[in-house]
Amino acid sequence: MAKPKLLITRKLRPAVEERAARDYDVVTNPDDHVFTEAELIAACRKVDAVLPCHSERFTAGVIAAIGPGLKIIANHSVGVDHVDLAAAREAGVVVTNTPDVLSDATAEIAILCMLGAARRGAEGDAMVRAGKWDFWSPAFMVGRQVTGKRMGILGMGRVGQVTADRARGFGMEIHYHNRRRLPDHLEKGAIFHDTPESLLAVSDVLSLHCPATPENLGIINARTLALLPERAILVNTARGALVDEDALVDALKSGRLFAAGLDVFRTEPGGNPAIAALPNVFLLPHIGSATEETRDAMGFRALDNLDAFFAGRAPGDRVV
Ligand code: DGY
């Protein structure tokens, strides 16, 4: 039987590419560029399946233009905000994601962002590299200690739960808001808040772990930032679209927020120059899941979903 035709939109880890090539008739993107919308449509029209990343946007228009040949979008990501799920459902296209396998790696980056922001990691690093470290005193480069502070987790899914576990190691008191309260064995003594507002009011560090669903877009804005305790720290390893970046810049400039640690931005790649110009930010280029182990696991998980689909079984991570 002919192998299913699979488009892999970006460069993946070698072991993942090898396995894909064994089981599928693979079309790749050798120079690893971000497809234009027209390129994405043209490439998807020629295949049965696509294995994309969050860098490819499957809008309703793109899904309609691809037409009936494409059967499954097997994402190499846990987030699926780059796919119009209603349009995929309507078109009968199956959508899968890669949950669980990136929770540890992303929680590590959340903790790095928290510490980098709280302890002025970027400022210190830049000073030493530039040869401008010419002074030391007890009043020099003083940051905020996170040990013993309150950590607010907005979105207590898999990544939020692992981040809470890591923060417990710093003696932080864990508070969270989630659509549903977690059972005791997952809550592990964390304090549930039934509204985001109530959570924000107690969060010395607020870490975002909710998906960028339409109702969450801009959930961190001038109104909600004003609810945080004075000189709180914002951490975002989820999606840039959760944050009104103009309001964030104002809060960081005024000192209302002590600092922010951000791995994600509204505009990616690139980020936000107004944020990058501030001293009190610690910034990373969307590398939450970027470890060898995790990227292997994400690729294999996406292939597991494809294998199940083409074997006539239900893919384990079906979203639509
Ligand atoms: C995810 O899996 O959603 C990460 O942000 C990488 O795309």
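**Exercise 1.** Which residues of helix α11 (residues 245-254) are buried, and how are they placed around the axis?

Solution. 
- Step 1. In helix α11, the buried residues are Glu 245, Leu 248, Ala 251 and Leu 252. A residue is buried if 20 or more other C-beta atoms lie within 10 Å of its own, exposed if 12 or fewer, and partly exposed in between, with C-beta atoms placed from the backbone. Helices (H or I, at least four residues) and strands (E, at least two) are DSSP runs, numbered from the N terminus.
- Step 2. An α-helix has 3.6 residues a turn, so residues three or four places apart point the same way.
- Step 3. The packing partners of these buried residues are α10 (222-225), β11 (257-262), α12 (273-276) and β12 (281-283). Contact here means that the C-beta atoms of two residues, placed from the backbone, lie within 7 Å.
- Step 4. After α11 comes Gly 255, with a positive phi near 85 degrees.

A note on the model: residues are numbered from 1 along each chain as its sequence is written. The model is predicted: local features need pLDDT of at least 70, side-chain atom pairs count only at pLDDT 80 or more, and totals for chains, interfaces and linings use all residues.

**Exercise 2.** Describe how helix α1 (residues 14-23) packs with helix α13 (residues 292-310).

Solution. 
- Step 1. Two packed helices are described by the angle between their axes and the distance between the axes.
- Step 2. For α1 and α13 the angle is about 15 degrees and the axes are 9 Å apart. Axes are lines fitted to C-alpha atoms, for helices over the stretch in contact, and angles run from 0 to 180 degrees between N-to-C directions.
- Step 3. With this angle, α1 is therefore roughly parallel to α13. Angles under 35 degrees count as roughly parallel, over 145 as roughly antiparallel, 65 to 115 as roughly perpendicular and the rest as oblique.
- Step 4. The crossing of α1 and α13 is right-handed. A crossing is right-handed if the near helix is turned clockwise from the far one by less than a right angle, and left-handed if anticlockwise.
- Step 5. From α1, the residues Ala 15, Val 16, Arg 19, Ala 20 and Asp 23 meet Asp 296, Gly 299, Phe 300, Leu 303 and Asp 307 of α13.
- Step 6. Sorted by class, the contact of α1 with α13 has five nonpolar, one polar and four charged residues. Ala, Val, Leu, Ile, Met, Phe, Trp, Tyr, Cys and Pro count as nonpolar, Asp, Glu, Lys and Arg as charged, and the others, Gly among them, as polar.

**Exercise 3.** At what angle do helix α5 (residues 103-118) and helix α7 (residues 158-168) cross, and which residues meet?

Solution. 
- Step 1. The axes of α5 and α7 come within 8 Å and cross at roughly 55 degrees.
- Step 2. The two helices, α5 and α7, are therefore oblique to each other.
- Step 3. The crossing of α5 and α7 is right-handed.
- Step 4. Ser 103, Asp 104, Thr 106, Ala 107, Ala 110 and Ile 111 of α5 meet Arg 158, Val 159, Val 162, Thr 163 and Arg 166 of α7.
- Step 5. The contact of α5 with α7 divides into five nonpolar, three polar and three charged residues.

**Exercise 4.** Is Ala 49 buried or exposed?

Solution. 
- Step 1. Ala 49 belongs to strand β3 (residues 49-51).
- Step 2. Ala 49 has 24 other C-beta atoms within 10 Å, so Ala 49 is buried.
- Step 3. Not counting residues up to four places away in sequence, Ala 49 touches Pro 4, Leu 6, Lys 71, Ile 72, Ala 74 and Leu 306.
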